[in-house]
Amino acid sequence: MKKGNNKKILSSRGKGQIYFLGVFVFLLSGIVLTRLFVLQVFSCDLYRALAENQHKLVEKLIPRRGEIFLKEDNGYYPLAVNRDLPMAYAVPKEIEEKERAVKELALILSLDESFLKEKIFRENDLYEILKRKLSEEEVEKIKALNIKGIYLSSESSRYYPGGKLLSQTVGFVGSDGKEYRGMYGLEAFWEDELRGEAGILSQEKDVMGRWISIKDRQFQPAKNGADFFLTIDRSVQYETEKILKETVEKHKADGGSIVVMDPQTGKILAMATYPDFNPNEYFKEKDMSIFFNFAVNFSYEPGSVFKPITMAIGIEEGKVEPDTVYTDTGSVLEAGYEIKNSEEKVYGQRTMTQVLEESINTGVIFVEKLVGNKKFAEGVAKFGFGKKTGIELPMEAEGNLNNLKEFKKDIQFFTASFGQGIMVTPLQLASAYSVFANGGKLMKPQIVEKIKRGDEEEIIHPVEIRKVISRSTAEKISQMLRSVVINGHGKRADVAGYSVVGKTGTAQVPKKNGGGYEEGITIGSFVGFAPMENARFTVAVKINNPKDVQWAESTAAPAFSQLMEFLLKYYKIEPTEKMVNNK
Amino acid sequence: MVARVSCRESFFSKNKKQTVSKKIGSVSVELAVMAFLFFSCIFYLVSINSSAIKGQEIRRIEKELTEIKKTNEKLLTWEAEFNSFYRIEETALNLNFSDLDFEKAVFLEEKDSLAFNKK
């Protein structure tokens with residue numbers, strides 16, 4: 001009987017306990033399931049990202065920067081290349097002998113001790129760059145030091161094996177505060193192509209950080225930068241720079257520029273600016289104006305080298321011929337101004353050819369008057385002035401033809417006819433004279449010959465912008481310019497045995513604050529081409545503010561002759577005239 | 001009894017005859033198959049192993065090739081540096097070279113870089 005009662009008591013209590021346990025387990029399971037649901041569903045992305053971060057290796061693949069080459073003999077000379085250079089860095093946290101490290105490194109790396117102390121004494125710092133582009137000697141000495149926390153690594157950097165060669169045209173790669181990129185010149189203009197495109201590698205890694213090759217892998221290779229091959233010849237460029245430097249230094253000028261162009265194609269064979277700099281040491285320059293290319297980035301009032309342009313417009317419009325005669329009275333009066341000839345000379349009766357030979361200001365005013373202001377302005381624009389040439393270099397100056405906009409202001413047109421009051425670049429002048437040299441076509445100046453992108457090669461072909469004058473006009477002007485060299489102010493530009501043509505120009509420099517021209521400051525130019533019959537080279541020389549002589553026939557003309565002689569011999573051009581010992 | 005034994009014996013002997021394997025020459029078929037399978041396995045393992053090793057070899061050669069390319073680029077840069085006109089000019093100055101007067105110069109051979117100035 002007792003047993004039965006106990007059974008009854010047990011079963012009701014037991015039932016309750018079991019019921020309670022069941023509820024407890026149910027609640028606990030509910031909590032766990034809810035938590036699992038939250039973790040796996042709501043927070044799925046977060047934990048997936050965390051897991052991927054642990055297991056995934058993502059690396060940015062750095063592309064190789066494209067290189068730049070010059071023409072040389074039968075091949076190419078590397079002008080801008082990539083080079084792995086060693087650099088020293090410190091892990092300050094690991095350095096135990098800090099004082100010793102500072103002293104020894106200051107001696108080896110030629111750095112200030114205070115500069116090194118500031119980097120090495122940083123607490124808990126993991127990475128400080130001490131010096132880049134180390135020499136081999138510095139590398140060996142650091143290795144011999146054997147100080148814990150001082151390490152060497154290599155980084156790719158830009159190097160210019162030619163040193164100063166073509167410095168303003170090639171530019172350099174430097175930091176703009178955020179990243180390394182091309183600054184000035186071709187490095188800047190073609191930055192996007194030279195830089196290339198970064199690639200990406202995404203792969204799963206194991207606990208040791210090694211790739212798991214059988215797992216999913218995302219690989220997009222880096223696209224290396226394009227390589228550029230220039231139209232510029234290395235030897236011609238060096239000789240051009242040498243002659244320019246000698247001329248500037250001889251006459252104690254402020255600087256200068258020379259452009260050498262193939263008039264048939266517009267290809268630039270040389271482009272020099274002096275003073276120059278070494279792109280490997282650009283950071284040493286204090287005056288940033290040295291990075292500019294005088295042939296392209298700055299315009300100036302050209303002076304008498306502009307007279308053949310006026311003459312060509314006059315002949316093309318049918319207003320004058322080379323033997324048209326006019327009478328010079330020594331000056332022209334207009335709007336209260338008196339425009340005189342150089343040195344206030346009076347020439348009397350002269351032909352148009354003699355106007356160029358003797359560089360008579362009133363003679364070209366005579367031509368401009370016959371042409372008319374509107375036609376003259378149109379003619380000048382047709383020669384490419386007042387507009388960028390489109391050469392593949394940054395910050396190209398357009399020049400300035402604002403004084404040719406108001407057709408009623410004759411005085412502006414009169415002064416423009418002899419190259420004052422308007423602004424042009426040496427490159428525009430070289431292009432304009434090439435019009436005379438090649439039978440009347442304006443060719444686009446070109447500095448890049450081909451671009452290599454991986455296995456693909458793009459050849460850049462010459463571009464004819466437009467026909468400016470007829471062949472007949474071009475030939476007449478060429479003959480007149482030959483006369484300038486034989487009989488006029490261009491004698492010192494001549495080269496024995498060759499029909500060299502060209503024009504001098506000694507231009508005044510406008511005052512910076514406006515209102516007239518600077519006293520005693522001139523820019524001497526000579527622009528010409530050779531041989532006359534089948535022109536191969538157009539050369540534009542500009543010398544800024546020579547101190548010992550005033551006239552371009554003593555500064556720019558001899559430099560032109562020296563360079564032209566080199567060009568004709570270097571390219572083995574057959575003489576076009578009988579050699580006469582008249583120099 | 002004897003008859004049963006003999007029947008049994010003959011039965012077993014029949015079976016014995018039936019269980020005797022066929023032979024290829026002096027080698028039994030089963031043995032031949034086993035041997036074939038064994039050597040196939042060995043061959044498979046060896047070929048897999050050599051392919052794996054080749055992969056390593058290829059990777060090693062690729063690494064070497066990359067190193068050689070880097071060295072080649074370095075040498076080309078050095079060559080360009082030494083051929084730089086400005087460097088040659090500087091070196092000539094440091095070595096105190098004098099200018100050559102081509103009109104008075106005598107070359108040791110017709111197309112030679114070695115010459116001396118004739119007084």
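This tour goes from one selection to the next through a predicted model with chains A and B.

Residues are numbered from 1 along each chain as its sequence is written, while chains are lettered from A and ligands numbered from 1 in the order in which they are written. Since this is a predicted model, local features need pLDDT of at least 70 and side-chain atom pairs count only at pLDDT 80 or more, whereas totals for chains, interfaces and linings use all residues.

Begin by selecting chain B, which holds three helices and four strands (helices, H or I with at least four residues, and strands, E with at least two, are DSSP runs numbered from the N terminus). Read from the N terminus on, the elements of chain B follow the order α-β-β-α-α-β-β. Of the 119 residues of chain B, 2% count as buried, a term that requires 20 or more other C-beta atoms within 10 Å of a residue's own, with 12 or fewer making it exposed, anything in between partly exposed, and C-beta atoms placed from the backbone.

Next, show where the two chains touch: the contact takes 11 residues from chain A and eight residues from chain B (two residues are in contact if their C-beta atoms, placed from the backbone, lie within 7 Å). On the side of chain B that touches chain A, the elements that give two or more residues are helix H2 (29–82) and helix H3 (85–94) of chain B, and H2(B) gives the most, with four residues. By class, the residues on that side of chain B are four nonpolar, two polar and two charged, where Ala, Val, Leu, Ile, Met, Phe, Trp, Tyr, Cys and Pro count as nonpolar, Asp, Glu, Lys and Arg as charged, and the others, Gly among them, as polar.

**An open sheet in chain A**

Now select the three strands of chain A that form an open sheet in the order E1-E8-E9, with antiparallel pairing (two strands pair if DSSP finds at least two bridges between them). The edge strands are strand E1 (56–61) and strand E9 (217–220) of chain A, each of which pairs on one side only. Strand E8 (residues 199–204) of chain A and E1(A) pair in the antiparallel sense over six bridges, and Leu57(A) can be found opposite Gln203(A) in E8(A).

**Leu194(A)**

Move on to Leu194(A), which lies in helix H8 (residues 191–195) of chain A and is buried, with 25 other C-beta atoms within 10 Å. Leaving aside neighbours within four places in sequence, Leu194(A) is in contact with Arg65(A), Gly66(A), Gly182(A), Glu187(A), Gly225(A) and Ala226(A). From Leu194(A) to Pro63(A), the separation is 131 residues in sequence and 9.7 Å in space, C-alpha to C-alpha.

**Two hairpins**

Then select strand E21 (residues 501–510) and strand E22 (residues 517–530) of chain A, which run antiparallel and are joined by nine bridges. These two strands form a hairpin with six residues between them, and in the turn Gly514(A) has a positive phi of about 85°. Val501(A) stands opposite Phe529(A) in E22(A). On to strand E23 (residues 537–544) of chain A, which runs antiparallel to E22(A) and is joined to E22(A) by eight bridges; a hairpin through six residues links E22(A) to E23(A). In E23(A), Ala540(A) is the bridge partner of Val527(A).

**Helix H13 and what covers it**

Select helix H13 (residues 373–382) of chain A, where Phe376(A), Ala377(A), Gly379(A), Val380(A) and Lys382(A) are buried. The cover over these buried residues includes helix H10 (307–316), helix H12 (361–371) and helix H14 (410–417) of chain A. After H13(A) comes Gly384(A), whose phi is positive, near 100°.

Two of the covering helices deserve a look as a pair: the axes of H10(A) and H12(A) come within 9 Å and cross at roughly 35°, where axes are lines fitted to C-alpha atoms, for helices over the stretch in contact, and angles run from 0 to 180 degrees between N-to-C directions. Lys307(A), Thr310(A), Met311(A), Ile313(A) and Gly314(A) in H10(A) meet Val364(A), Val367(A), Glu368(A), Leu370(A) and Val371(A) in H12(A).

**Last stop: H9 and H17**

Finally, select helix H9 (residues 234–250) and helix H17 (residues 552–570) of chain A, which pack at an angle of about 160° with their axes 10 Å apart. H9(A) is therefore roughly antiparallel to H17(A) (angles under 35 degrees count as roughly parallel, over 145 as roughly antiparallel, 65 to 115 as roughly perpendicular and the rest as oblique). The contact of H9(A) with H17(A) has eight nonpolar, five polar and one charged residues.
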